[in-house]
Amino acid sequence: EEEFSDLVNPKGKVVKMSKSRYIDDFFRTGAIQLGTIKYYQSIDDPEQGDSSEGSMLIVGKNDFETAFVQIESGYNNYAFCCYDGEPNPEVIKRFGYNDYFIIHDVEGFMYEVSKVLNSNLSFRSRCIYKRDKVIVGKISNNFNFNIMSNKLAQLVGMAKYFIKKNNYRHQNEYRFLWGLEFDVTQPLIIKCPEAIKYCKRR
C-alpha cells in the first residue's frame, strides 16, 4: 500500500484521448462522458474494457494475524480516465481514437466536475500496474477478523481504485474519480464549461 503514497500528481502531461468530434463538443459546450465500474466491466474491448475493475484481493496484516479478503467496491464512483505523459500516437490508435486534449490544471478540472455532480468526495491518482490485483495493508492489532463488515473494503483506503493488471501498463493511466451517495451503472454525459479553462487543444 505504501507504493500509493506519492501518486496523486502526474509525472507528465495529463492527456485525454478521444475522437475529434467529442473533443470539439467539449471545447464548445463542456460536454464530457464519465464512466462507471459496471460500464468498464461490460465493454468487450481489450483497451477500453476491464472485467476486473472494482474487484481485488486485499491482505490485512497485524502483529498476530493475516486476512485475505476478495472485495468489490467503487460502484458509487464516476471515472474519467486519462494518459500520463507525452501523447503517444500508438496508444491513441489502439484505443480507436484520433485526437486528444491536455488537462493542464488537474485540481481545477476535478473541482469543476465535482460541482456539476454535487460530489463531496473526489480523488485522483496515477495507476499502479501489477501481475495481480492484490493490495497489502497494515491494520490495528485489535481488528476483529471474525466480523464481516464494510471496514474490510476500507483497509487500504482509496488505493484499491488505482491498481490495474500489467497488461494495461502501456495505458499509463491517470484517473479521476468522483464519489456519490448511491451506486451508478451507466456512463453519464455532463456539461461542464467551467472546466474548459483548465484544458487546451493539442
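Visitor: In what order do the strands of the open three-stranded sheet stand?

Guide: This is a predicted model, in which local features need pLDDT of at least 70 and side-chain atom pairs count only at pLDDT 80 or more, while totals for chains, interfaces and linings use all residues. Residues are numbered from 1 along each chain as its sequence is written, and side-chain values use heavy atoms, with hydrogens and water left out. Strands are DSSP runs (E, at least two residues) and helices likewise (H or I, at least four), numbered from the N terminus, and two strands pair if DSSP finds at least two bridges between them. With mixed pairing, the open sheet has the order β4-β3-β9.

Visitor: Which strands stand at the edges of this sheet?

Guide: Each edge strand has a single partner strand, so one side of each is left without a neighbour in the sheet, and these strands are β4 (66–72) and β9 (134–138).

Visitor: Which residue of β4 is the bridge partner of Ser 55?

Guide: Strand β3, residues 55–61, pairs with β4 in the antiparallel sense over seven bridges. Within β4, the bridge partner of Ser 55 is Glu 72.

Visitor: Which element gives the largest share of the lining of the largest pocket?

Guide: A pocket is an open set of points on a 1 Å grid over the protein atoms alone, with protein on both sides within 12 Å along at least five of seven lines, whereas a cavity is a set where a 1.4 Å probe fits but cannot get out; lining residues have an atom within 4 Å of a point. The largest pocket has a volume of about 770 Å³, and of its 36 lining residues the closest to the centre are Lys 16, Met 17, Gln 33, Gln 48 and Tyr 97. The largest share of the lining, five residues, comes from β5.

Visitor: Which elements each supply at least two residues of the lining of the largest cavity?

Guide: The largest cavity has a volume of about 30 Å³, and its lining includes Thr 36, Tyr 40, Asn 77 and Arg 175. The elements that each supply at least two lining residues are α2, β5 and β11.

Visitor: Is Thr 36 buried or exposed?

Guide: Thr 36 is found in the loop between β2 and α2, and its contacts (heavy atoms within 4.5 Å) include Asn 77, Val 184 and Pro 187. Buried means under 20% relative accessible area, exposed over 50% and partly exposed in between, with a 1.4 Å probe and protein chains only. At a relative accessible area of 1%, Thr 36 is therefore buried.

Technical notes. Points joined across faces, edges and corners; volume = space filled by probe spheres on them. Lists of a residue's contacts leave out its neighbours within four places in sequence.
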